[in-house]
Amino acid sequence: MSALEQLIAGGRRVVFPRPWPRAVVEGEGWRAAIAKLVEGVLSLVGLWGDADAVHMALADVATAAIGILSFECVDGRYPSVAALHPPALRLERAIRDLWGLEAEGCPDPRPWLDHGRWTLRHPLAAAPLEAADVRPYPFLSAEGEGLHQIPVGPVHAGIIEPGHFRFTANGETVVRLEQRLGYTHKGIEGLMRGAAIGHAAKLAGRASGDSTVAYTLAFSRAVESALGMRPPARAVWLRALMAELERLANHLGDIGGICNDAAFTLMLAQCGILRERVLRAADTCFGHRLMRDRIVPGGVAADLGDDGRPHLQALVREVRQRFPALIELYDNTASLKDRTAGAGIVTTELARLYACGGFVGRASGRAFDARRTPGYAPYDTLAFDVPVFTRGDVNARVLVRLREVEQSLFLIEQILTSLPPGPIRADLSRVGEAREGAALVEGFRGDVLAWLRLDAEGSVSRCHLRDPSWFQWPLLEAAIEGNIVADFPLCNKSFNCAYSGHDL
Amino acid sequence: MLRFLLEGLVRRPLTEPPPPAEDSAAAELADAVTLTARRKLGRSLSIRMVDAGSCNGCELEINALGNAFYDLERFGLRFVASPRHADVLLVTGPVTRNMADALKACHQAMPQPRIVIALGDCARDCGVFKGGFGVQGAVGDVVPVDVEVPGCPPEPDKIVAALRGLTRR
């Protein structure tokens, strides 16, 4: 039996979670799981709160199997995972903010999403508390000679989401960066409680606008797994098509944006042309530039017509034709490479510890892609490479994206060739009992987790969405140390973490 | 690099003809902004963009305004880094409780005359986020709004039309 199977077997199995087993464990089982995280045998996929319980999704590093352990928080407490395994830290702070559940031994007592501005404290708890007075947030200190602080945000200079970055610098060199997020927290998980599936799907698609396809895909697959149903084959393939178009558009935008933050605007202009072409093709084929609300539980809401296919083929042709020159431009502009090479290094050890996904993880040696493991249709029948680099610098994160653009084009071609005919949407099964479902989807910035519980009437009673950025944001703090302040926009853009997807 | 620069000189520009200026935006503005103000602002505008809690979809389309097809700057419209330099405050998203003060401070920092645009469905009425405990309200509940642009997100053409409605270009 694998370590994960043993932990699940040691607990009380829950009937009807899908597709991963869930077991309720007590202190001993919970602590045994933490030990396996520390050992590196298991990795943390998610940690979230519920009424009087916390759930922890774990992946077996060797087999890629996933399971969920739950701990019932008698008197509102549970043993802290973060006390021994740092990647869980912000997740535990968020659980305390939303649910009031206390992680015993959590090394950081500060709130994370709660800025003291809500009208209630612990708003999702059965009995929320009255709001307390706003208190200043105690940023971590740094001591030394000649240090000064640079506070940036929440409003930033450009067209970007809000967040606060507190730099401590010695001259130009960053000694410490501390992030404070939560500015875009809207209370999505609260809004999902009791929501009809259709409305909850709209909320999921608006958690993170640039990943609306990935989020609605994760949510829809979680609903379908809960109900024990599969969407029609054509829908499965169309979903992959939309996902690859989203990946393509974002990577093109990012490559241009990263170069722009090194003052190389030519790349931004050229990539911007290609990105615009992708968005227009998405609009022509599926009726929305970002393909919002196109993936729904049961299938997809828009079909690829006969006139759509030649549009996509023309798009692939154009990007294929123009992209090699852009790669060459990036490679041969020495002053640009001088900025990106060696800047913002994330060590392979940190990427492994945080089970960091997406291009951030793959640029630092962690070869994880949810389309491969655990994997989902139709990627199991498609040929594609997962590019991995090890330097972990800004350049490596650009290289991963360059390769993934090529892979997405290849995938789109394969999908257009193999797209089966047939219906695009199935009615949702009525099962008449409470069910749980989950899914892991590879969005453009990494693996998106969706876990939900449906009540007997088929409404959502609890839905948790976990953005890949939870395991990437902290690594940016490590990556910027020792770099100059002026390289922060470059490093930050090379991560392109989500704010709204993270904050919910 | 040279090849791209030469291409830019020789090939026809990708920039598309502008969409017609939206009459409704101009009409709303005529009520809200005095003729004196419009005379003072002239025919170009500096825009400060603030995300008060959006999902980031609106930001993507605002960013698209700078690409070769839409080329916002040819209309005398540009984005600035500081509210002190701005004529227009372009706000997206429902205003979260965590962003309400920052939005107000940004608005207060703008010298008069100042125009506020609520961009996107969430900015207008919170969209699907209405009632979220993290949400304070629509943009209009926190700062006075002069122009609204509907959409989820509004397409770049619609944003250009609304902005050009302000300058009447």
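Glu276(A) and Arg280(A) are four residues apart in helix H8 of chain A, so about one helical turn separates them. Helices (H or I, at least four residues) and strands (E, at least two) are DSSP runs, numbered from the N terminus. This is a predicted model, in which local features need pLDDT of at least 70 and side-chain atom pairs count only at pLDDT 80 or more, while totals for chains, interfaces and linings use all residues. Residues are numbered from 1 along each chain as its sequence is written, chains are lettered from A and ligands numbered from 1 in the order in which they are written, and side-chain values use heavy atoms, with hydrogens and water left out.

**The Glu276(A) and Arg280(A) pair**

- Glu276(A) forms a salt bridge with Arg280(A), and their closest N and O atoms are 2.8 Å apart.
- A salt bridge is a side-chain nitrogen of Lys or Arg within 4 Å of a carboxyl oxygen of Asp or Glu.
- Glu276(A) is buried, at 1% relative accessible area.
- Arg280(A) is partly exposed, at 25%.
- Buried means under 20% relative accessible area, exposed over 50%, and partly exposed in between (1.4 Å probe, protein chains only).

**Other salt bridges**

- Over all chains, the structure holds 40 salt bridges.
- Arg117(A) and Asp101(B) meet through their side chains in a salt bridge (2.9 Å, N to O).
- This pair joins two chains, because Arg117(A) lies in the loop between strand S8 (102–104) and strand S9 (120–121) of chain A and Asp101(B) lies in helix H5 of chain B.
- Arg117(A) is partly exposed, with a relative accessible area of 34%.
- Asp101(B) is also partly exposed, with 41%.
- Within chain A, the side chains of Arg206(A) and Asp293(A) form a salt bridge (2.9 Å, N to O).
- That pair links distant parts of the chain, 87 residues apart. Arg206(A) sits in the loop between helix H5 (197–204) and helix H6 (212–227) of chain A. Asp293(A) sits in the loop between helix H8 (265–286) and strand S14 (295–296) of chain A.
- Arg206(A) is buried, with a relative accessible area of 8%.

**The interface of chain B and chain A**

- The contact takes 55 residues from chain A and 50 residues from chain B. Contact means heavy atoms within 4.5 Å.
- About 4,100 Å² is buried between the two chains, and carbon and sulfur atoms give 63% of that area. Buried area is the accessible area (1.4 Å probe) that two parts lose on being put together, summed over both.
- On the chain B side, Phe4(B), Asn98(B) and Phe133(B) lose the most area to chain A. Together they give 20% of what that side buries.
- The rule finds four salt bridges across this interface.
- Glu61(B) forms a salt bridge with Arg289(A), with the closest N and O atoms 2.6 Å apart.
- Polar contacts between chain B and chain A come to 22 residue pairs (both at pLDDT 80 or more). A polar contact is a pair of N or O atoms within 3.5 Å; within protein, one must be able to donate a hydrogen and the other to accept it, and residues adjacent in sequence count only if both atoms are side-chain atoms.
- Four elements of chain B each supply at least two residues of the side that touches chain A: helix H1 (2–10), strand S1 (45–51), helix H4 (57–64) and helix H5 (100–109).
- H4(B) gives the largest share of that side, seven residues.
- By class, the side of chain B that touches chain A has 27 nonpolar, eleven polar and twelve charged residues. Ala, Val, Leu, Ile, Met, Phe, Trp, Tyr, Cys and Pro count as nonpolar, Asp, Glu, Lys and Arg as charged, and the others, Gly among them, as polar.

**Asn496(A)**

- Asn496(A) is placed in the loop between helix H16 (488–495) and helix H17 (500–503) of chain A.
- Asn496(A) counts as buried, because its relative accessibility is 14%.
- The side chain of Asn496(A) makes a polar contact with the side chain of Asp254(A) (2.8 Å).
- Leaving aside neighbours within four places in sequence, Asn496(A) is in contact with Asp254(A), Arg401(A), Phe444(A) and Arg445(A).

**The two chains**

- Chain A has 17 helices and 18 strands.
- Of the 504 residues in chain A, 62% are buried.
- Chain B has seven helices and seven strands.
- Of the 169 residues of chain B, 56% count as buried.
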